[in-house]
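Me: I'd like to walk through this fold with you, one bit at a time. Can you take my questions as they come?

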Amino acid sequence: MKRRSFFKLGAVAGALSVFKPAKASNLLSSSFEGSAEGPIILSTWSHGLEANRAAWNVLEKGGKALDAVEQGVKVTESDLNNRSVGIGGRPDREGHVTLDACIMDEQSRCGSVAFLEGIAHPISVARAIMEKTQHVMLVGAGANKFALDLGFKTAKTPLPEVKKDYEQWKKENKDQFKKPEINHENHDTIGMIAMDANGDLSGACTTSGWAYKMHGRVGDSPIIGAGLFVDNEVGAATATGMGEAIIRIAGSHTVVELMRQGYSPKDACKEAVRRIISKHKDLTNLQCCFLAIDKKGNYGSYSVYSGFNYALKTKSQDMLVDSEFDRNW
Ligand code: SD4
């Protein structure tokens, strides 16, 4: 089936969502947010714009989506000013910056790393686990040893300025078990999904996770099926936001399976958000966002609260799109 050409409903929905504090579902009746021909890259949040451009350098030369997503999210991992991806990230409650990442390709091969410390590119460690071991996931000391054995670049974390913020946070937060806060101020995981010129899909997701989390906590981002899922027959999805809620509904896998059943990417994301909302009595600060693409190049997103946006890159587009959402903050 021929792919439809892009139309700017996503941008229109975004503009409306800025000006009208109503449920976005009331604003746009189309079940499609957008559609593109040829290679396409989608990634979460505004840092995705720069990441997408690096990924595009791979795809425009006819490269594979797998290489594109790895190169793309590495840009964000390298950004020392980014406080929730890579080695510039914020630490857990005990002062450790623990990094989570995963990658998945068109053959359903996948690699994942969690609770990794002091390694500059968790996404490449995840890829090495996928390509060089019989396993899918390595965590903690074993993952660190694996990365060091392969000669991965190291870094001292937390960065001095991040440590200063952490010391301040400790003074102000004596109650270590206070309710988590993931809102429009403190989110930044990058999830990237891409389709190459061959029509093959891959995805990558990388984060330092929820700032000041419990030591040992792992979120959705490195969990295949939660923070990321790719099925080359159907589509790909990634997630950002409160990892615990996303894991509970196996979020990204749910989105891909809904697309298999015929849901558009946007409607699949919306249904995943509906499930999250229905399973939580208290939605305070419970932001969760999904972003998806199908095999025809249709894409869409949906979030619990307003404020989520994603970066889109195609041959003719390089833009940030505001997601539709269920409720305003
Ligand atoms: C986590 N999902 O560790 C990540 C955090 C995130 O936007 O995406 N924040 O739960």
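Predicted model: local features only at pLDDT ≥ 70, side-chain atom pairs only at ≥ 80, totals over all residues.

Me: Which side chain makes a polar contact with the side chain of Ser301?

Reply: Ser301 is found in strand E11 (residues 298-305); helices (H or I, at least four residues) and strands (E, at least two) are DSSP runs, numbered from the N terminus. Contact means heavy atoms within 4.5 Å, and leaving aside neighbours within four places in sequence, Ser301 touches residues including Glu33, Phe290 and Tyr310. The polar contact, at 2.8 Å, goes to the side chain of Ser323.

Me: Is Ser301 buried or exposed?

Reply: Buried means under 20% relative accessible area, exposed over 50%, and partly exposed in between (1.4 Å probe, protein chains only). Ser301 has 0% relative accessibility, so the call is buried.

Me: In what order do the eight strands of the open sheet run?

Reply: Two strands pair if DSSP finds at least two bridges between them. E5 and strand E13 (318-322) stand at the edges with a single partner strand each, so one side of each has no neighbour in the sheet. The pairing is mixed, and the order is E5-E4-E3-E7-E6-E2-E12-E13.

Me: What is the bridge partner of Leu42 in E6?

Reply: Strand E2 (residues 40-44) and strand E6 (residues 190-195) run antiparallel and are joined by four bridges. Within E6, Leu42 is partnered by Ile193.

Me: At what angle do H2 and H3 pack?

Reply: Axes are lines fitted to C-alpha atoms, for helices over the stretch in contact, and angles run from 0 to 180 degrees between N-to-C directions. Among the residues that meet are Ala51, Ala54 and Val58 in H2, and Ala68, Gly72 and Val75 in H3. The axes of helix H2 (residues 47-59) and H3 are 7 Å apart, and the angle is about 145°.

Me: How many residues of H4 are buried?

Reply: The buried ones include Ile123, Val125, Ile129 and Met130. They pack against several elements, among them helix H3 (65-78), strand E3 (99-104) and strand E7 (201-207). Helix H4 (residues 122-132) is mostly covered, and of its 11 residues the buried count is nine.

Me: Which residue does a cis peptide bond join to Thr157?

Reply: Look in the loop between helix H5 (140-149) and helix H6 (160-172). Omega is about -5° for this bond, and the residue joined to Thr157 is Pro158.

Me: What phi does Ala250 have?

Reply: Ala250 is found in the loop between helix H7 (243-248) and helix H8 (251-260). At 31% relative accessibility, Ala250 counts as partly exposed. Although Ala250 is not a glycine, phi is positive, at about 45°.

Me: And what phi does Asn285 have?

Reply: Asn285 sits in the loop between helix H9 (265-278) and strand E10 (288-294). With 17% relative accessibility, Asn285 counts as buried. Asn285 is not a glycine, yet phi is positive, at about 60°.

Terms used
Residues numbered from 1 in each chain as written. Heavy atoms only, no water. Polar contact = N/O pair within 3.5 Å; in protein donor to acceptor, adjacent residues only side chain to side chain.
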